[in-house]
Amino acid sequence: MGSDPFDTTLTRIPRSRRRRRYGEMVSVGLLGFSVVLILAILAVILGDVIYLGAGHVTWTFLSESPRQGLAEGGIYPAIIGTTFLVLLMTIAAVPLGVATAVYLHEYTPKETPQQTWKRFRNTEGKERGKELGTFILSVLARVTRSAVANLAGVPSIVFGLFGLGFFIQFVGGAMDAATQPEGEIVWGQGNLLWAAMTLALLTLPTVIVATEEALRTVPAELRAGSIALGATRWETIRRIVLPGALPGILTGGILAISRGAGEVAPILFTGAAYYLPYLPQDLSSQFMHLGYHVLILSTQSPDVEATTPVLYGTVFVLLLLTFLLNLTGVLIRARTRAKIHSGG
Amino acid sequence: MPTPRSEPAAKPKIEVRDFNFYYGDLHVLHDIAMDIPEKQVTAFIGPSGCGKSTFIRSINRMNDIIPGARARGRVTLDDQDLYAPSVDVVALRRKVGMVFQKSNPFPKSVYENVAYGLRIGGVHGRRLLDEVVERSLQRAALWEEVKDRLSSSALSLSGGQQQRLCIARALAVDPEVLLMDEPASALDPIATQKIEELIYELKSNYTIVIVTHNMQQAARVSDRTAFFMLGKLVEYDLTNTIFMNPKQKLTEDYITGRFG
C-alpha cells in the first residue's frame with residue numbers, strides 16, 4: 001500500500017503525526033517534571049525542618065522564655081508576640097481591604113476613563129452631570145487599582161522603613177508631643193501597634209485583590225434579581241453579594257494573614273525585640289517574634305553550635321503555626337460553602 | 001395609533017409616548033407609543049435584538065444599572081411619569097415586579113427567597129412573613145410541591161420550580177404589574193406549560209407584560225401582542241388580530257415564519 005493517500009487504517013501512524021505525538025509526550029513530560037520538582041523541593045525543606053526540629057519541641061520549649069544566650073529555654077514570648085501581632089494586623093487589614101474592594105468592584109464604573117470620558121463628551125442635557133461623575137469615579141478607580149498593584153510590588157523592607165518614618169517618628173512623635181508633657185517617649189518608638197500597622201499595609205493589596213476576585217464570582221443575575229425586588233445597591237451587597245463572596249474573601253484573607261505572619265523585614269525597625277524577659281503588656285510594648293527570632297538565632301548567636309537545635313525548633317513552630325492558619329482557612333471555607341449550599 | 005381600535009375605552013395601566021432609548025451612541029428604541037391595559041397579558045414578540053427586552057426593562061427602570069443608558073419620552077404607570085426626577089426607583093420596582101429569562105433564585109432557602117423582598121422592606125414579624133410566603137407560593141402554584149421543604153436550598157429545586165419560585169418571590173412584595181422576560185425559554189415543555197397556566201391564573205390580579213421568542217406562546221397566553229423590529233413597534237393589536245389578520249406585511253412575514 002505504501003503511501004496510498006486513501007489508506008485509512010488506524011494502526012499505521014504517518015510520520016508527521018508520529019512527530020506530533022513525540023512533541024505531545026515531551027511537553028507532558030516537562031509539565032510532569034515541574035510538578036515532581038516542586039514537590040521534591042517542598043519535601044526536602046519540610047523533611048529537614050521536621051527531622052531536625054520536631055524533636056526539640058517540648059512543653060518546656062513552648063512555655064518558657066529563652067535562657068543562656070538563647071541556647072536554652074523556650075520561645076514562649078515569641079509565640080505570644082507573633083500571635084498578638086497577627087491578630088492586630090488582621091483587625092486593621094481585613095476590614096479596610098474588604099471595604100476598599102467592595103467600593104472598587106461595586107460602586108465604581110467597569111469602564112476605563114477613556115470610555116467614560118468619551119461618553120461624557122458625547123452626552124447632552126440632563127445626564128451630563130451624571131456622566132461627569134462616572135468619569136471622575138472611573139479615574140479614581142484606575143488610580144486606586146494602580147496604587148494597589150504598586151503597593152503589592154514594593155519590597156517588604158521598604159514597608160519597614162516607611163513604618164519607622166511615618167508611624168513611629170511622625171504619628172508616634174506627634175502623639176508623644178501631645179500626651180507626654182515630660183518629654184517621655186511612649187509611642188515614638190517601635191511597638192506592637194506600629195509593627196501591626198506596617199504589616200497591615202503590606203498585606204492590604206493581597207486582601208483587596210482576593211476580595212475583588214471573590215466579588216467577581218457572584219453572578220450578575222443574582223444582583224439583578226435583588227435590585228428588581230426593590231433592594232438598594234447596598235442591601236444587595238449586604239444580603240446577596242457579600243454572603244456569596246464570603247468563602248473567597250475568607251480564603252484570600254487567611255492566605256494574606258499567613259503570609260504576613262512570616263514576614264520579618266517590616267517589623268525589624270517597628271517593634272520586634274531581640275530579647276525580652278517579659279510579655280507585651282499593651283499596644284506600646286515591644287515584642288518578640290518567631291520569624292525575627294529565627295533571624296537572630298542564625299545571625300547574632302555567640303555560639304552557633306549551641307543554638308542550631310533551638311533554631312530548627314523555632315522554624316518548626318513557625319511553619320506549624322502558618323500551616324494551622326491555612327488549615328483554618330480551608331475549614332472555614334468548606335463550612336461556609338456547605339452552609340450556603342444547604343440554604344442557611 | 002397607540003390604542004388598538006377594538007379597545008373599549010378603559011384607562012390603560014401603562015402609557016408609553018414618544019419613548020426613545022439609547023445605549024451610549026446606540027439608538028435602540030425609536031418613538032415607541034403604546035397603551036398597556038390593566039389585568040391583561042400583553043406579549044412582546046420580534047426577532048433577537050429588536051429591542052423588546054430593552055423595552056420591558058424600561059418599565060421598571062432596570063436599565064438604569066447599565067452604564068450609558070438614556071431614556072427619552074414618557075412611560076407612565078397610573079398617570080405617574082416613571083422617568084420623572086422625583087420617582088423612587090426602589091418603590092417603582094416593588095410596584096412593577098420582574099421575572100428573568102434565566103431563573104435566578106438566591107442561594108438561600110426556599111422560604112428566604114420568597115421573604116427576601118419583605119425583609120428588605122423592613123418586615124420582620126414571623127407570622128406575617130409565614131403568611132405572605134405561603135400565599136405567594138400558592139399563587140405561584142408551587143406551595144404543594146415545596147411546603148415540606150421550605151428550609152431547604154432553593155438551588156435543590158428543578159428548573160421549572162426555580163422559575164415559579166422567582167415568580168412567587170416577585171409576587172410576595174405585592175406588585176401591580178409583572179414583567180416577564182422570556183420566563184420559559186430555558187424550560188422543558190411541561191414546565192413551560194405550568195408557567196403558561198400560571199400566567200393565565202395571575203392575570204385576574206396583575207397586569208402582565210411578557211417578552212417571548214415563542215410565537216405559539218404569545219398566541220396562547222396573551223390578550224394583546226406587540227410586534228417589534230429593529231427598535232420600532234411595527235404593530236400592536238389584539239392577539240387574535242395579530243395572528244389571524246395582521247395589517248402590516250412585516251408582521252405577517254414574521255408570524256408566518258418567513259424570517260425570525
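This is a predicted model: local features need pLDDT of at least 70, side-chain atom pairs count only at pLDDT 80 or more; totals for chains, interfaces and linings use all residues.
Reader: Where is the place of B:Asp18 in chain B?

Author: B:Asp18 sits in strand 1 of chain B. Strands (E, at least two residues) and helices (H or I, at least four) are DSSP runs, numbered from the N terminus. Residues are numbered from 1 along each chain as its sequence is written, while chains are lettered from A and ligands numbered from 1 in the order in which they are written.

Reader: What about B:Arg61, and why does it count as it does?

Author: B:Arg61 has 19 C-beta neighbours inside 10 Å, so it counts as partly exposed. You'll find B:Arg61 in the loop between helix 1 and strand 4 of chain B. Its phi is positive too, about 55°, though B:Arg61 is not a glycine.

Reader: Why is helix 1 of chain B called largely enclosed?

Author: Because 8 of the 8 residues of helix 1 are buried, the rest of the structure largely encloses it. Among those buried residues are B:Lys52 and B:Arg57, along with B:Phe55 and B:Ile59.

Reader: How do you know which strands of chain B pair with strand 1 in the antiparallel sense?

Author: Count the bridges: two strands pair if DSSP finds at least two between them. Strand 1 and strand 2 of chain B have 7 bridges, in the antiparallel sense, and B:Val16 stands opposite B:Met34 in strand 2. Strand 1 (residues 14-23) and strand 4 (residues 69-77) of chain B are joined by 8 bridges and also run antiparallel, with B:Asn20 opposite B:Arg72 in strand 4. Strands 1 and 2 form a hairpin with 2 residues between the strands, and B:Gly24 there takes a positive phi near 60°.

Reader: What order do the strands of that open sheet have?

Author: The order is 2-1-4-5 in chain B, 4 strands with antiparallel pairing.

Reader: What makes strand 2 and strand 5 the edge strands?

Author: In chain B, strand 2 (26-36) and strand 5 (80-81) each pair on one side only. Helix 1 (residues 52-59) of chain B packs on this sheet, touching strand 1, strand 2 and strand 4. Contact is counted when two C-beta atoms, placed from the backbone, lie within 7 Å.

Reader: How do you know that strand 7 of chain B is mostly covered?

Author: In strand 7 (residues 177-181) of chain B, 5 of its 5 residues are buried. Both faces are covered: B:Val177, B:Leu179 and B:Asp181 lie on one side, and B:Leu178 and B:Met180 on the other.

Reader: Which sense do strand 7 and strand 8 of chain B pair in, and over how many bridges?

Author: The pairing is parallel, over 5 bridges, with strand 8 at residues 207-211 of chain B. B:Leu179 has B:Val209 as its bridge partner in strand 8. Strand 6 (residues 96-99) of chain B pairs in the parallel sense with strand 7 over 4 bridges, and B:Val99 has B:Met180 as its bridge partner in strand 7.

Reader: What do strand 7, helix 7 and strand 8 of chain B make?

Author: They make a right-handed β-α-β unit, with helix 7 at residues 189-202 of chain B. Right-handed means that, with the strands pointing away from the viewer, the path from the first strand over the helix to the second runs clockwise.

Reader: How do you know that the radius of gyration of chain B agrees with a compact globule?

Author: A compact globule of 260 residues would have a radius of gyration near 18 Å, and chain B has 18 Å, so the two agree. The rule is 2.2 Å times the number of residues to the power 0.38, with the radius taken over C-alpha atoms. The C-alpha trace of chain B spans about 55 × 45 × 35 Å along its principal axes, and 48% of the 260 residues count as buried. In total, chain B has 10 helices and 10 strands.

Reader: How many residues does the contact take from chain B and from chain A?

Author: The contact takes 29 residues from chain B and 24 from chain A. On chain B, the elements giving two or more residues to that side are helix 2 (89-95), helix 3 (110-120) and helix 6 (159-172).

Methods: Axes are lines fitted to C-alpha atoms, for helices over the stretch in contact, and angles run from 0 to 180 degrees between N-to-C directions. A residue is buried if 20 or more other C-beta atoms lie within 10 Å of its own, exposed if 12 or fewer, and partly exposed in between; C-beta atoms are placed from the backbone.
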